[in-house]
Amino acid sequence: MVSANIFNRRKNSWRPEEYISKATLQLFDFDSAAPPEHAWRRRLNSHANILKEFSVTFMEAIKMVKLGIRLWSYIREEASHGRKAPIDPFTRESCKPSASLGVPLGGMGSGSISRGFRGEFRQFQITPGSCDASPVMANQFSIFISRDGGNKKYASVLAPGQHEGLGKANDHGISSWDWNLSGQHSTYHALFPRAWTIYDGEPDPDLKVSCRQISPFIPHNYKDSSLPTAVFVYTLVNTGKERAKVSLLFTWANSIGGISDLSGDHVNEPFIGEDGVSGVLLHHKTTKANPPVTFAVAACETQNVNVTVLPCFGLSEGSSVTAKEMWSTMMRDGQFDCANFNCGPSMPSSPGETVCAAVSASAWVEPHGKCTVAFALAWSSPKIKFLKGSIYNRRYAKFYGTSERAALHLVHDALTNYKRWEEEIEKWQSPILKDERLPEWYKFTLFNELYFLVAGGTVWIDSSLPEENLKNNQRQLTAVENNAKVTEAEVNCRCSSVSEHTIACGFNGSASTGNRGNTNHPIQPLKLLDVQDDSGDVGRFLYLEGVEYIMWCTYDVHFYASFALLMLFPKIELNIQRDFAKAVLSEDGRKVKFLAEGKWGIRKVRGAVPHDLGTHDPWNEMNAYNIHDTSKWKDLNPKFVLQVYRDFTATGDMSFGVDVWPAVRTAMEYMEQFDRDNDDLIENDGFPDQTYDTWTVHGVSAYCGCLWLAALQAAAAMALQVGDKFFAEQCKMKFLSVKTAFEAKLWNGSYFNYDSGSSSNSTSIQADQLAGQWYTASSGLPPLFDDFKIRSALQKIYDYNVMKVKGGRMGAVNGMHPNGKVDETCMQSREIWTGVTYAVAANMILARKEEQGFTTAEGIFIAGWSEESYGYWFQTPEAWTIDGHFRSLMYMRPLAIWGMQWALSIPKEILDAPKINMMDRLHISPVSSRFSLSLSDTGIGKIAKKAKCLGNSVLNCAC
């Protein structure tokens with residue numbers, strides 16, 4: 001039972017009244033205007049420090065010289081073709097990363113724009129795999145207040161004037177605006193996907209202003225969550241004795257970040273829509289033949305709110321209307337000329353010219369009165385093009401079409417639906433936020449880490465291909481089939497083999513599940529599938545490993561991050577697994593040079609789970625990662641089996657299980673080649689052949705060996721459920737021999753050694769040594785080891801990897817020598833991986849070590865998110881060193897915090913799943929433990945009544 005005193009003991013205080021006066025909070029106590037009780041908070045005048053990047057040691061650099069030379073050559077080769085290499089450690093962005101980010105805008109997979117906690121719009125990711133971090137400073141909200149017949153006026157941009165490029169003398173651009181906000185009395189409150197900015201008497205002491213930012217990230221809602229739009233609701237409270245005319249101004253540059261505003265041929269166009277929604281469309285002509293982008297900036301006119309627009313103004317003296325003149329008009333009149341709505345489209349901008357638009361919403365606020373003003377922003381680029389030519393429709397095009405005017409309908413629907421969105425968001429978040437047993441820092445960090453599913457680089461497409469792609473893919477299909485081989489599993493998934501068969505959904509016997517974690521947790525189990533959404537087709541989804549590692553759906557990392565998608569968007573998670581299942585059964589014979597050793601190999605080996613789905617032509621050209629030959633990695637295939645079993649059990653989707661089972665069997669059979677001594681236990685090959693791709697492993701390893709052991713049990717359990725009893729028997733036999741060999745070679749009495757080799761770090765304590773047990777417990781399977789071994793190893797990790805690094809205030813270091821010194825064998829052994837720390841914490845919770853689990857995870861919060869942290873909020877990196885220097889910002893793996901939530905609320909489907917006892921033999925027939933039987937021998941081909949073939953992918957089966 002989770003006890004309240006355990007969680008409350010380490011609670012950080014982040015109450016809103018510590019940042020805002022109680023009187024102001026009471027004024028906003030309506031219409032969701034007040035910030036929530038639980039949120040991440042900052043004052044707007046907080047310093048945004050420059051973040052410090054890691055560096056390699058001299059010895060590490062010496063070891064990587066040859067790799068560095070080959071990588072540099074590869075990067076230059078890609079650049080010569082106009083492409084960016086997926087990993088480029090040599091190129092640095094002109095905008096240095098800083099501790100300035102906040103909640104990003106929009107839904108998933110439609111291109112994203114982030115917004116800093118001080119109000120700047122930045123991190124533009126409209127085109128896939130491209131991110132411009134620099135803020136576009138013309139994109140601002142501003143306020144103009146007039147009292148006492150105009151004798152008392154206030155005006156300011158609603159962001160502190162602490163940015164480079166401001167303060168130029170005689171400037172006709174944004175430096176001519178009034179940047180009067182100090183930020184001392186203004187605060188930011190983040191609870192993804194919403195954020196609140198409270199201006200407590202700035203710039204007018206008698207006007208309290210709340211800005212509420214809302215994006216449509218709504219679990220189990222596969223329509224609205226795909227929309228590229230956000231709403232900004234301003235609540236105005238006049239505490240003065242005079243009525244005040246308040247004008248809010250939203251300005252936007254026709255730009256997708258960087259210097260794109262200067263490319264020319266951009267057009268702005270005013271519009272008046274339905275239901276009082278009016279504003280400006282900004283048509284942006286992209287470069288490099290990318291699809292165009294249309295922005296819509298709008299406000300909602302009501303009985304008390306008047307909306308006017310200025311369709312075009314420029315930032316230089318030669319503009320027909322300059323930014324300075326626009327500001328003067330607002331200072332004088334508080335609005336623009338209503339005739340501007342009749343202007344029609346502007347002339348296309350000239351190269352070198354920046355064109356912006358402005359939307360003003362004005363209202364009178366009576367003494368002690370309140371008023372609400374709503375703005376919306378949309379960015380629509382319904383077609384998405386990858387660098388090697390493939391073009392798709394984004395998910396939201398299914399509902400809004402591909403017209404450039406879709407942005408108009410997006411802002412209209414945002415302004416008319418945002419209240420419903422908020423209701424659904426609150427319904428989702430409320431049970432967690434109200435659970436008094438959970439630490440306060442955990443509640444809001446859990447939600448805020450989801451920022452990555454918007455800002456980390458995501459693509460969500462409609463499943464049906466645009467017409468121009470069909471011919472493309474047919475040509476690619478012919479080319480790839482020349483190199484591809486069809487596996488036995490593929491043959492047996494053909495539609496011709498489908499026939500009636502009763503699937504065995506139960507198991508023989510009723511064995512105990514052992515330690516699945518604390519099943520007495522009072523938190524309610526989750527219901528994963530939304531029964532109301534029966535549309536089935538939710539499109540295809542990609543997300544980057546990170547904004548610095550540009551590879552889609554990196555699978556060894558998805559292993560940690562996937563809990564978030566499974567809990568919130570399970571249909572997307574299943575589709576990702578289907579994509580990888582198709583890939584397992586395919587082979588791509590094109591030659592690739594692997595940079596670590598300089599040797600050549602083929603891009604994708606049949607039977608091997610790919611490292612990723614590609615970079616410049618995802619789904620069609622996989623394995624963009626080319627440092628090592630990942631067909632020889634030892635963790636990818638077991639991770640595939642473990643994820644598939646967890647997802648299959650959690651969703652109860654039998655058709656999914658049948659669809660992917662041939663790939664599961666093939667993936668397991670593929671691993672037999674790595675058993676070098678016929679004990680059924682796989683060995684590593686003396687190079688970094690797993691997700692820790694600079695950390696060499698010799699012989700049997702705790703990490704990969706534990707994953708393999710867990711995969712054998714998961715495969716056996718799944719085999720029984722889909723009716724493949726022969727394969728279940730083989731997996732059981734292997735499991736017993738592997739368990740014996742694994743414990744004999746690695747267990748030292750208190751933890752599992754790093755590996756079975758004789759190197760200086762073979763006895764190191766690896767934080768991630770029980771990754772297989774984590775998935776085993778998360779999937780409701782019996783524990784891999786006895787309870788003593790599991791708890792002893794986790795306690796060792798806690799005492800050494802966690803608490804011996806700055807008293808537990810940094811997370812879990814990957815490697816620690818048993819003498820209490822950090823393992824500095826390589827760069828990664830001495831790093832703290834944020835996502836792995838969350839995974840270790842989840843494992844501790846499942847092993848009934850909740851206090852240690854939350855203390856371990858809290859180190860990531862303290863070092864990354866707290867006021868005393870290094871400043872990694874909304875850009876959590878893959879890793880930091882013990883001195884806080886980062887590697888790879890905005891990374892996928894920290895989504896593993898949702899593995900903690902999974903551990904606290906194991907879904908009912910998992911708890912109710914059929915049980916398996918690995919000690920029980922089926923006694924069907926005496927068979928070897930080698931995976932020797934073909935799928936046809938088992939009759940598995942007969943159970944696929946609802947199975948789908950490999951679809952339209954160029955890497956498909958021979959149906």
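User: In this predicted model, are F192 and F217 buried or exposed?

Analyst: Both F192 and F217 are buried.

User: What makes the pair of F192 and F217 edge-to-face?

Analyst: The ring centres of F192 and F217 are 4.9 Å apart and the planes stand at 65 degrees. Pairing asks for centres within 6.5 Å, and planes over 60 degrees apart count as edge-to-face, so the pair is edge-to-face.

User: Where in the chain do F192 and F217 lie?

Analyst: F192 belongs to the loop between β6 (186-191) and β7 (194-200), and F217 to the loop between β8 (207-214) and β9 (229-238). They are 25 residues apart, and the pair links distant parts of the chain.

User: Why is the aromatic pair of Y872 and W880 called stacked?

Analyst: The planes of Y872 and W880 are 15 degrees apart, with 5.5 Å centre to centre. Planes under 30 degrees apart count as stacked, so this pair is stacked.

User: How do you know that Y872 counts as buried?

Analyst: The relative accessibility of Y872 is 1%, and buried means under 20%, so Y872 counts as buried. W880, with a relative accessible area of 0%, is buried.

User: Why is α12 described as roughly parallel to α18?

Analyst: The axes of α12 (residues 555-568) and α18 (residues 771-778) cross at roughly 25 degrees and come within 12 Å. Angles under 35 degrees count as roughly parallel, so α12 is roughly parallel to α18. The crossing is left-handed.

User: Which residues make the contact between α12 and α18?

Analyst: F559, Y560, S562 and F563 of α12 make the contact with A771, W774, Y775 and S778 of α18.

Notes
Residues are numbered from 1 along each chain as its sequence is written. This is a predicted model: local features need pLDDT of at least 70, side-chain atom pairs count only at pLDDT 80 or more; totals for chains, interfaces and linings use all residues. Side-chain values use heavy atoms; hydrogens and water are left out. Rings of Phe, Tyr and Trp (its six-membered ring) pair if their centres lie within 6.5 Å; planes under 30 degrees apart count as stacked, over 60 as edge-to-face and the rest as tilted. Helices (H or I, at least four residues) and strands (E, at least two) are DSSP runs, numbered from the N terminus. Buried means under 20% relative accessible area, exposed over 50%, partly exposed in between (1.4 Å probe, protein chains only). Axes are lines fitted to C-alpha atoms, for helices over the stretch in contact, and angles run from 0 to 180 degrees between N-to-C directions. Angles under 35 degrees count as roughly parallel, over 145 as roughly antiparallel, 65 to 115 as roughly perpendicular and the rest as oblique. A crossing is left-handed if the near helix is turned anticlockwise from the far one by less than a right angle, and right-handed if clockwise. Contact means heavy atoms within 4.5 Å.
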